[in-house]
Amino acid sequence: NGEVICSVSSPHFNPNIFSRGIDIEEWKSIKNDNKSPLLNRTVSGLYPPGSTIKMVVALAALENDIINYNSKFFCNGVKEFGNMKFHCWAKHGHGNVNLSQAIERSCDVYFYELGLKVGIERIASMMKRLGLGNLLNIELDQVRKGLVPNKDWKLKRDGISWTPGETINASIGQGYMLVSPLQLVTMVSRIANGNYAIEPTLINGKQQKFKKLNLKSRNLNFIRNAMMRVVSSNYGTAKNSRIGLPDFERAGKSGTVQVVRISEQEREKGITKNFERVWKKRDHALFVGYAPANRPKYSICVVVEHGGSGSGIAAPIARDIFKRLFKI
């Protein structure tokens with residue numbers, strides 16, 4: 001129903017210090033902290049969504065009849081396009097995979113191929129339909145819109161045309177895209193609901209009327225089943241953070257977002273592990289999902305800035321929150 005029952009931004013500050021009066025040095029310490037405790041990351045923090053939007057790209061393809069459920073692409077670990085190489089997170093690739101397997105295993109090469117077929121305009125349109133790149137009507141004044149790019153945006157901003165390489169990056173949620181945790185949890189709420197464009201609210205019991213999503217139910221069912229496999233399948237990226245009880249198990253999608261580009265030379269020498277990099281150069285860890293998977297009630301988005309792996313860091317946090325919710 002869109003009610004936000006929990007919203008956490010960390011690091012934070014103790015608001016009680018303002019009630020007793022705050023001295024200049026204390027204020028400077030909070031204001032100048034490089035981890036920005038004054039920023040409400042849930043609505044004002046903007047991040048590349050990474051693989052958490054692969055369901056959106058898949059829905060754009062299915063709704064426009066560009067592929068079917070059994071369409072396959074071959075992943076050998078890299079997509080070569082012109083003089084550029086776009087790598088899959090799995091160095092040696094995933095082999096021949098269909099759409100459900102590509103979501104389950106988060107195969108980047110599959111979505112590079114799919115993104116080129118779908119095109120940035122259809123991807124951007126579906127993203128906005130699911131709540132990304134929009135100012136959501138929640139009762140706060142620091143909500144940020146984020147950025148869902150398309151050809152017109154690039155032409156207006158830079159005076160040059162959009163390129164296929166930019167579509168390849170966009171198809172796995174990298175490049176120019178920026179979204180907030182609030183937008184991501186709205187996206188997954190709309191997928192879980194299936195019928196309505198859920199809008200978030202902080203008001204308990206607020207009577208809301210939602211617009212119809214107008215997406216084909218069979219396509220949404222397919223996407224939801226693939227999201228269940230992300231957690232339940234032995235090949236799923238979030239298999240190690242299952243709740244473990246069928247009646248409460250979740251569906252979801254993890255994402256690991258690069259904040260610095262990895263050069264070919266670095267790949268040849270061996271990519272430096274996240275924990276060996278300075279904090280600001282570590283990947284962001286993301287997870288979106290809903291539970292119970294077979295009768296959705298709660299949706300969630302976890303973003304850990306520079307946390308590393310989405311499946312290793314963000315997904316277990318989401319699992320633990322659901323376990324507390326369900327008292328298990």
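Tutor: Happy to! A salt bridge here is a side-chain nitrogen of Lys or Arg within 4 Å of a carboxyl oxygen of Asp or Glu. Keep in mind that this is a predicted model.

Student: How many salt bridges does the count come to by this rule?

Tutor: Side chains of opposite charge can pair when their charged atoms come close. With the 4 Å cut-off in hand, the count of salt bridges comes to 12.

Student: What is the N to O distance in the salt bridge of K54 and D108?

Tutor: The side chains of K54 and D108 meet in a salt bridge, with N to O at 2.7 Å. K54 belongs to helix 4 and D108 to helix 6, so this pair ties together parts 54 residues apart in sequence. Both residues are buried. The distance you asked for is 2.7 Å.

Student: Which residue forms a salt bridge with E104?

Tutor: The closest N and O atoms of this pair are 2.7 Å apart. E104 sits in helix 5 and its partner in helix 11, so the pair ties together parts 125 residues apart in sequence. A network of salt bridges links E104, R105 and the partner. That partner is R229.

Student: Is R190 buried or partly exposed?

Tutor: R190 forms a salt bridge with E199, their closest N and O atoms being 3.3 Å apart. E199 has a relative accessible area of 23%, so E199 is partly exposed. R190 has a relative accessible area of 4%, and buried means under 20%, so R190 is buried.

How values were computed. Residues are numbered from 1 along each chain as its sequence is written. This is a predicted model: local features need pLDDT of at least 70, side-chain atom pairs count only at pLDDT 80 or more; totals for chains, interfaces and linings use all residues. Side-chain values use heavy atoms; hydrogens and water are left out. Helices (H or I, at least four residues) and strands (E, at least two) are DSSP runs, numbered from the N terminus. Buried means under 20% relative accessible area, exposed over 50%, partly exposed in between (1.4 Å probe, protein chains only).
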